[in-house]
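Please look at the sequence and the structure below. The paragraphs that follow go through a few places in turn.

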Amino acid sequence: MPAPKTPLVSADAIVEHQNSIVLIERKNPPYGLALPGGFIEIGEDVRTAVLRELKEETGLDAKVKAMLGVYSDPKRDPRGHVITLVFICEPEDITKLKGGDDAKRAFLIEIGKIPFEKLVFDHSQIIKDYIEWKKAPKVFIR
């Protein structure tokens with residue numbers, strides 16, 4: 001059977017705590033900083049996927065508060081065409097934050113101190129959209 005000719009789908013999380021957000025340092029290429037998240041598995045719904053990926057990469061349990069948007073630029077991921085659904089999540093206990101799975105480390109960083117030049121994929125745009133969302137919530141389609 002030939003490989004499917006459709007994009008892969010992932011789910012990413014923005015977790016904010018006291019004007020800081022959670023970022024991870026990636027263990028695998030592309031190297032750099034990213035929002036926690038990853039690929040949705042066959043048979044898994046998107047809410048379950050984003051919460052699973054968040055737990056695997058940061059140790060955090062959370063609840064989904066809102067959807068930020070859908071990001072589908074075919075060039076957003078150097079590994080191939082990936083569409084990501086981005087959710088805003090609220091952590092249950094931020095003290096459990098620790099890197100795991102694909103994350104070398106996980107940490108909180110103040111929104112005003114984010115090193116945008118070190119972010120991989122299109123996470124720089126996603127975080128900029130989130131900053132705009134905080135002023136006037138809406139769903140972004142990119």
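Leaving out residues up to four places away in sequence, Asp-122 touches Tyr-71 and Arg-76. This is a predicted model. Asp-122 sits in the loop between S7 and H2. Is Asp-122 buried or exposed? Its relative accessibility is 15%, and buried means under 20%, so Asp-122 counts as buried. Lys-75 is 47 residues away from Asp-122 along the chain, yet the C-alpha atoms of these two residues are 9.0 Å apart.

Beyond its neighbours within four places in sequence, Arg-52 is in contact with Glu-44, Glu-41, Ile-40 and Phe-39.

Now turn to the nonpolar residues. The largest nonpolar core has 19 residues, and Ile-14, Ile-21, Leu-23, Leu-68, Ile-114 and Tyr-130 have the most contacts inside it. Two or more residues of this core come from each of strands S2 (20–26), S5 (62–71), S6 (82–91) and S7 (103–110), and from helix H2 (123–135). H2 gives the largest share, four residues.

Not counting residues up to four places away in sequence, Ile-14 touches several residues, including Ile-21, Leu-35, Leu-68, Val-86, Ile-126 and Tyr-130. Another core, of 15 residues, lies apart from the largest one; among its members are Ala-13, Val-64, Leu-85 and Ile-94.

Terms used
Residues are numbered from 1 along each chain as its sequence is written. This is a predicted model: local features need pLDDT of at least 70, side-chain atom pairs count only at pLDDT 80 or more; totals for chains, interfaces and linings use all residues. Side-chain values use heavy atoms; hydrogens and water are left out. Contact means heavy atoms within 4.5 Å. A nonpolar core is a set of buried Ala, Val, Leu, Ile, Met, Phe, Trp, Tyr and Cys residues joined through side-chain atoms within 4.5 Å. Buried means under 20% relative accessible area, exposed over 50%, partly exposed in between (1.4 Å probe, protein chains only).
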